Amino acid sequence: MQHLMGKTAVVTGAASGLGLAMAGAFCREGMRVVLADLPSPALTEAAHSLSDKGFAVLGVAVDVADAASVDALARRSIEHFGRVDVLCNNAGIAGDLPRESWEHDLANWRRVLDVNLMGVIHGIHSFIPLMLGQPDGHVINTASMGGLVALPYLAPYAASKAALIALSESLELELNALGANISVSVLCPGMVQTGLTRPGMDHSVCTAAPPSAPAQEFYQGTQKSAVQATVSADDVARKAIEGMRNGQFFILSHGGTLATAQKRWQRLQGNFTLQQEPQA
Ligand SMILES: NC(=O)c1ccc[n+]([C@@H]2O[C@H](COP(=O)([O-])OP(=O)(O)OC[C@H]3O[C@@H](n4cnc5c(N)ncnc54)[C@H](O)[C@@H]3O)[C@@H](O)[C@H]2O)c1
């Protein structure tokens, strides 16, 4: 989608991190923006701070894990702005502390899949039928580099993000087959400092058992990488808009992602042995 001025974007997870950065970037492109997130002072503050700058925004409380709540978001967006041209299914959580796949509590598996995967499915289910009636549109699903590469100890997160890549590919093929003028991108950021990667990140479903020594070592490594991250949320938002304008399906924000992701294809070809990467 080339022309953004005057169009409407809905961004989930817009109260913080990448969602907030994308909402701000869309506003600066002249778009009208629905900021959707769990009800919180951060959501109210984000919407106020953008509207105080003269941007046309609407803050809407939503739980993307709840289909009825996402349906209500779609209705509210249309009532307020009349149309939705860009849908950013961005809300996501990391889940419990890193631990082995079998050690993750089933409640943690469910919560991560409910927010990260079902949340995007709800977005597609509620918004695509509305967008099909419009001249054009674009969907950006925020996956992760973690959906492109082998990621130990965060299996619920990695599985949800890999599923988003498959879901986005299916969606794109289906829209193309219909001749719909709706393009699709899957945003695969590497490590960025946000609420998700901050020490003490959102472990909304924590089990009592301490992680194993290798899982703890991995966690310390990721925390160190998060602190040292040089790519900012604003950088990712810029890449997302550039990728959307260029009609890119995969939008990568970090230079090293491609080389790391290639290991999966080398392994498919049978000439690469998977080993755990040392943490930075
Ligand atoms: N930060 C990174 O390094 C990184 C890397 C790759 C992918 N991502 C992805 O980027 C997206 C945004 O994350 P972030 O890094 O900006 O983290 P963040 O924690 O700063 O922002 C996530 C936002 O999603 C909201 N949210 C969580 N559950 C929700 C729900 N059920 N309904 C509605 N909103 C909900 C949170 O309230 C929060 O405002 C996520 O999908 C995440 O997986 C982040």
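By class, the shell around the ligand holds 13 nonpolar, twelve polar and three charged residues. In this count, Ala, Val, Leu, Ile, Met, Phe, Trp, Tyr, Cys and Pro are nonpolar, Asp, Glu, Lys and Arg are charged, and the others, Gly among them, are polar. This is a predicted model: local features need pLDDT of at least 70, side-chain atom pairs count only at pLDDT 80 or more, and totals for chains, interfaces and linings use all residues. Residues are numbered from 1 along each chain as its sequence is written.

Which residues of the shell are closest to the ligand? They are Gly13, Gly17, Gly92, Thr194 and Gly195, out of 28 residues that surround the ligand. A residue is counted here if its C-beta atom, placed from the backbone, lies within 6 Å of the molecule. Helix H1 gives the largest share of this shell, three residues. Helices (H or I, at least four residues) and strands (E, at least two) are DSSP runs, numbered from the N terminus.

Let us turn to the sheet. Strands of a sheet pair through backbone hydrogen bonds, either parallel or antiparallel. Here, seven strands form an open sheet in the order S3-S2-S1-S4-S5-S6-S7, with parallel pairing; two strands pair if DSSP finds at least two bridges between them. At the edges are strand S3 (57–61) and strand S7 (250–252), each of which pairs on one side only. On average, neighbouring strands of this sheet are turned by 15° against each other, direction ignored. Between strand S4 (residues 86–89) and strand S5 (residues 137–142), which run parallel, there are four bridges. Val86 stands opposite His138 in S5.

Two helices pack on the sheet. Helix H1 (residues 17–28) touches strand S1 (8–12), strand S2 (32–37), S3, S4 and S5, and its direction makes about 170° with that of S1. Helix H4 (residues 106–131) touches S1, S4, S5 and strand S6 (182–188), and its direction makes about 170° with that of S4. Touching means contact: the C-beta atoms of two residues, placed from the backbone, lie within 7 Å. Axes are lines fitted to C-alpha atoms, for helices over the stretch in contact, and angles run from 0 to 180 degrees between N-to-C directions.

How do the helices meet one another? The axes of H1 and helix H7 (residues 233–245) come within 8 Å and cross at roughly 55°. H1 and H7 are therefore oblique to each other. Angles under 35 degrees count as roughly parallel, over 145 as roughly antiparallel, 65 to 115 as roughly perpendicular, and the rest as oblique. The contact of H1 with H7 includes Gly17, Leu18 and Ala21 of H1, and Ala233 and Asp234 of H7. By class, this contact has nine nonpolar, one polar and two charged residues.

For helix H3 (residues 67–81) and H4, the axes come within 8 Å and cross at roughly 30°, which makes H3 roughly parallel to H4. Among the residues in this contact are Ala67 and Val70 of H3, and His122 and Gly123 of H4.

Finally, the axes of H4 and helix H5 (residues 155–178) come within 9 Å and cross at roughly 15°, so H4 and H5 are roughly parallel to each other. The residues of their contact divide into twelve nonpolar, three polar and one charged.
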